Amino acid sequence: MISAAEAKKKLIEGNQNYLAAKAGDAKAGIGDVSAEMRRKTAAEGQEPYAIIISCSDSRVIPESIFSAGIGDLFVIRVVGNVLDNHQLGSIEYAAEHLGTKLIVMLG
(Lines give C-alpha, C1' and ligand atoms only; values in the text may rest on other atoms or scores of the structure.)
Protein backbone atom coordinates (compact mmCIF):
# COMPACT_ATOMS: atom_id res chain seq x y z
CA MET A 1 0.00 0.00 0.00
CA ILE A 2 1.24 3.49 -0.80
CA SER A 3 1.52 6.40 1.64
CA ALA A 4 -1.01 9.21 1.92
CA ALA A 5 1.50 11.61 0.33
CA GLU A 6 2.01 9.28 -2.65
CA ALA A 7 -1.76 8.83 -2.98
CA LYS A 8 -2.29 12.60 -2.96
CA LYS A 9 0.36 12.98 -5.67
CA LYS A 10 -1.40 10.34 -7.83
CA LEU A 11 -4.73 12.15 -7.42
CA ILE A 12 -3.21 15.50 -8.40
CA GLU A 13 -1.45 14.01 -11.45
CA GLY A 14 -4.62 12.20 -12.49
CA ASN A 15 -6.65 15.39 -12.16
CA GLN A 16 -4.08 17.29 -14.26
CA ASN A 17 -4.48 14.63 -16.99
CA TYR A 18 -8.25 15.04 -16.80
CA LEU A 19 -8.08 18.84 -16.98
CA ALA A 20 -5.73 18.74 -19.97
CA ALA A 21 -7.96 16.35 -21.93
CA LYS A 22 -9.37 17.49 -25.23
CA ALA A 23 -12.66 16.42 -26.80
CA GLY A 24 -12.26 13.05 -28.46
CA ASP A 25 -9.11 12.14 -26.50
CA ALA A 26 -10.05 8.52 -25.80
CA LYS A 27 -7.27 7.91 -23.26
CA ALA A 28 -7.55 11.11 -21.20
CA GLY A 29 -9.07 10.63 -17.79
CA ILE A 30 -9.21 6.85 -18.03
CA GLY A 31 -7.38 4.53 -15.67
CA ASP A 32 -6.97 0.79 -16.13
CA VAL A 33 -10.41 -0.71 -16.74
CA SER A 34 -9.15 -3.69 -18.71
CA ALA A 35 -10.50 -7.22 -18.48
CA GLU A 36 -7.16 -8.21 -16.96
CA MET A 37 -7.56 -5.68 -14.14
CA ARG A 38 -11.14 -6.83 -13.53
CA ARG A 39 -9.92 -10.43 -13.22
CA LYS A 40 -7.01 -9.40 -10.99
CA THR A 41 -9.16 -7.46 -8.51
CA ALA A 42 -11.76 -10.24 -8.51
CA ALA A 43 -9.11 -12.83 -7.65
CA GLU A 44 -6.75 -10.80 -5.45
CA GLY A 45 -9.00 -8.11 -4.00
CA GLN A 46 -8.81 -4.37 -4.15
CA GLU A 47 -6.07 -2.02 -2.98
CA PRO A 48 -7.47 1.50 -3.36
CA TYR A 49 -4.95 4.26 -2.75
CA ALA A 50 -7.56 6.82 -1.70
CA ILE A 51 -11.00 7.01 -0.11
CA ILE A 52 -13.12 9.62 -1.90
CA ILE A 53 -16.32 10.98 -0.35
CA SER A 54 -18.28 12.65 -3.11
CA CYS A 55 -21.73 14.07 -3.62
CA SER A 56 -24.22 11.87 -5.44
CA ASP A 57 -24.08 14.08 -8.52
CA SER A 58 -24.02 12.72 -12.05
CA ARG A 59 -21.71 15.52 -13.19
CA VAL A 60 -18.80 14.50 -10.96
CA ILE A 61 -17.26 11.07 -11.55
CA PRO A 62 -14.33 10.63 -9.13
CA GLU A 63 -12.70 7.87 -11.19
CA SER A 64 -12.70 10.15 -14.23
CA ILE A 65 -11.56 13.39 -12.61
CA PHE A 66 -8.62 11.55 -11.02
CA SER A 67 -7.87 9.34 -14.08
CA ALA A 68 -8.32 6.26 -11.89
CA GLY A 69 -9.14 2.70 -12.88
CA ILE A 70 -10.68 -0.37 -11.31
CA GLY A 71 -9.50 -0.87 -7.73
CA ASP A 72 -7.77 2.54 -7.50
CA LEU A 73 -10.34 4.50 -5.50
CA PHE A 74 -12.78 3.58 -2.76
CA VAL A 75 -15.65 5.94 -3.59
CA ILE A 76 -18.48 6.76 -1.20
CA ARG A 77 -21.24 8.88 -2.74
CA VAL A 78 -23.81 10.61 -0.59
CA VAL A 79 -26.19 13.51 -1.16
CA GLY A 80 -24.81 16.70 0.35
CA ASN A 81 -21.57 15.07 1.57
CA VAL A 82 -23.22 14.47 4.94
CA LEU A 83 -21.70 11.50 6.73
CA ASP A 84 -23.54 9.21 9.11
CA ASN A 85 -22.62 5.87 10.67
CA HIS A 86 -23.10 4.02 7.37
CA GLN A 87 -20.57 6.14 5.50
CA LEU A 88 -18.20 6.18 8.49
CA GLY A 89 -18.34 2.38 8.52
CA SER A 90 -17.34 2.32 4.86
CA ILE A 91 -14.43 4.68 5.56
CA GLU A 92 -13.32 2.53 8.49
CA TYR A 93 -13.50 -0.59 6.31
CA ALA A 94 -11.32 0.92 3.58
CA ALA A 95 -8.81 2.30 6.08
CA GLU A 96 -8.58 -0.74 8.38
CA HIS A 97 -9.13 -3.70 6.06
CA LEU A 98 -7.81 -2.36 2.76
CA GLY A 99 -5.01 -0.21 4.19
CA THR A 100 -6.04 2.99 2.43
CA LYS A 101 -4.16 5.96 3.90
CA LEU A 102 -5.80 9.02 2.31
CA ILE A 103 -9.36 10.35 2.71
CA VAL A 104 -10.59 13.12 0.38
CA MET A 105 -13.92 14.93 0.79
CA LEU A 106 -15.01 16.50 -2.51
CA GLY A 107 -17.31 19.49 -2.14
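Q: Is Tyr93 buried, partly exposed or exposed, and how do I read that?
A: Buried means under 20% relative accessible area, exposed means over 50%, and partly exposed is in between, using a 1.4 Å probe and protein chains only. Tyr93 has 37% relative accessibility, so Tyr93 counts as partly exposed. Bear in mind that this is a predicted model, where local features need pLDDT of at least 70, side-chain atom pairs count only at pLDDT 80 or more, and totals for chains, interfaces and linings use all residues. Residues are numbered from 1 along each chain as its sequence is written, and side-chain values use heavy atoms, with hydrogens and water left out.

Q: How many aromatic pairs does the structure hold?
A: Rings of Phe, Tyr and Trp (its six-membered ring) pair if their centres lie within 6.5 Å; planes under 30 degrees apart count as stacked, over 60 as edge-to-face and the rest as tilted. Here there is one aromatic pair. The ring centres of Phe74 and Tyr93 are 6.1 Å apart and the planes sit at 45°, so this pair is tilted.

Q: Which parts does that pair tie together?
A: Helices (H or I, at least four residues) and strands (E, at least two) are DSSP runs, numbered from the N terminus. Phe74 belongs to strand β2 (residues 73-77) and Tyr93 to helix α4, so the pair links parts that are 19 residues apart in sequence. Phe74 itself is buried, at 14% relative accessible area.

Q: What does Gln87 touch?
A: Contact means heavy atoms within 4.5 Å. Leaving aside residues up to four places away in sequence, Gln87 touches Ile76, Val78 and Val82. Gln87 sits in helix α4 (residues 85-97), and with 14% relative accessibility Gln87 counts as buried.

Q: What pattern does the chain follow along the sequence?
A: Reading along, you get α-α-β-α-β-α-β, which makes four helices and three strands.

Q: How does the radius of gyration of the chain agree with a compact globule?
A: The radius is taken over C-alpha atoms, and the globule rule is 2.2 Å times the number of residues to the power 0.38. For 107 residues, a compact globule would come out near 13 Å, and the chain has 14 Å, which agrees. Along its principal axes, the C-alpha trace spans about 40 × 35 × 25 Å.

Q: And what share of the residues is buried?
A: Of the chain's 107 residues, 34% count as buried. As for contacts between residues at least 6 apart in sequence, 67% join residues at least 24 apart.
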